[in-house]
Amino acid sequence: MGLENNKKFNQNMEQSGGVTPSLLAIRTTEESARILKATLCLLKCFFFLDICYLLAALSMVVMALSNQIGDKDQLLCGGFFSIFAAVSAMCNSLARHGVRVWRRELIIPWLLFYPWVLGFLVIHLVHTLSTTT
């Protein structure tokens, strides 16, 4: 019996790369913590960018309303930019909270919003390139 258990243990050690199951669990826990920390840091950076977007949009609206530039397109652009910044900040906040409390359904708005924005930008780029040439 002891010899068979020893053979099974040696086979398991060879399959796991010479790492015991308890050490393997520690390694995966450390890796999970590192991924979680990096995700939260990335979402904080996105939130900071959203604050910057909101400030830029507000400055565009203020400049358009103060008649320094007199361009109504800038007012419209500033309005759309502020809506984008607010929705993006809300999606990032929900995603950050969802990652912290481990509720995956709170990440869905972020996963839907950013591909939508990327798709819109690609469509706009293709439209601009096709109309200018």
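Tutor: Let us begin with the buried residues of α3, which are Gln74, Gly78, Ser82, Ala85, Ser88, Ala89, Cys91, Asn92, Ala95, Gly98 and Val99. Buried means under 20% relative accessible area, exposed means over 50%, and partly exposed lies in between, with a 1.4 Å probe and protein chains only. Helices (H or I, at least four residues) and strands (E, at least two) are DSSP runs, numbered from the N terminus. This is a predicted model, in which local features need pLDDT of at least 70, side-chain atom pairs count only at pLDDT 80 or more, and totals for chains, interfaces and linings use all residues. Residues are numbered from 1 along each chain as its sequence is written, and side-chain values use heavy atoms, with hydrogens and water left out.

Student: How many helices and strands does the protein chain have?

Tutor: The protein chain has four helices and zero strands. Along the sequence the pattern reads α-α-α-α.

Student: What share of the residues in the protein chain is buried?

Tutor: Of the 133 residues in the protein chain, 16% are buried. The accessible surface, from the Shrake-Rupley method with a 1.4 Å probe and with only the protein chains shown counting as cover for residues, comes to about 10200 Å². Carbon and sulfur atoms account for 70% of that surface.

Student: Back to α3. How many residues does α3 have, and what does it reach from its first C-alpha to its last?

Tutor: α3 has 30 residues and reaches 44 Å from its first C-alpha to its last, close to the expected 44 Å. The expected span is 1.5 Å times one less than the number of residues in the helix.

Student: Take Ser82, then. Why does Ser82 count as buried?

Tutor: Ser82 counts as buried because its relative accessible area is 18%. This residue is found in helix α3, residues 72-101. Not counting residues up to four places away in sequence, Ser82 touches Leu54 and Ala57; contact means heavy atoms within 4.5 Å.

Student: And Gln74, buried or exposed?

Tutor: Gln74 is buried, with a relative accessible area of 14%, and its place is also in helix α3. Gln74 and Ala57 are 17 residues apart in sequence, and their C-alpha atoms are 9.5 Å apart in space.

Student: What follows α3?

Tutor: α3 is followed by Trp102, whose phi is positive, near 60 degrees. That is a positive value in a residue other than glycine. Trp102 is in the loop between α3 and α4 and is exposed, with a relative accessible area of 66%.

Student: On to α4. What is Pro109 in contact with?

Tutor: Leaving aside neighbours within four places in sequence, Pro109 is in contact with Cys91 and Leu94. Pro109 is found in helix α4 and is partly exposed, with a relative accessible area of 28%.

Student: Which residues does Trp110 contact?

Tutor: Trp110, in helix α4, is in contact with Leu43, Phe46, Cys91, Asn92, Ala95 and Pro115, leaving aside its neighbours within four places in sequence. From Trp110 to Asn92 the C-alpha distance is 6.4 Å, and the two are 18 residues apart in sequence.

Student: Which helix gives the most to the lining of the largest pocket?

Tutor: α3 gives the most, with six residues. α3 and α4 (108-132) each supply at least two residues of that lining. The lining includes Cys77, Phe80 and Trp116, and by class it has 11 nonpolar, no polar and no charged residues. Ala, Val, Leu, Ile, Met, Phe, Trp, Tyr, Cys and Pro count as nonpolar, Asp, Glu, Lys and Arg as charged, and the others, Gly among them, as polar.

Student: How does the lining of the second largest pocket divide by class, and what is its largest share?

Tutor: Its residues divide into six nonpolar, three polar and two charged. The largest share, five residues, comes from α2. Trp102 is one of the lining residues of the second largest pocket, which holds about 150 Å³ of space.

Methods: 1 Å grid on protein atoms, 1.4 Å probe; cavity = no way out; pocket = protein on both sides within 12 Å on 5 of 7 lines; lining within 4 Å. Points joined across faces, edges and corners; volume = space filled by probe spheres on them.
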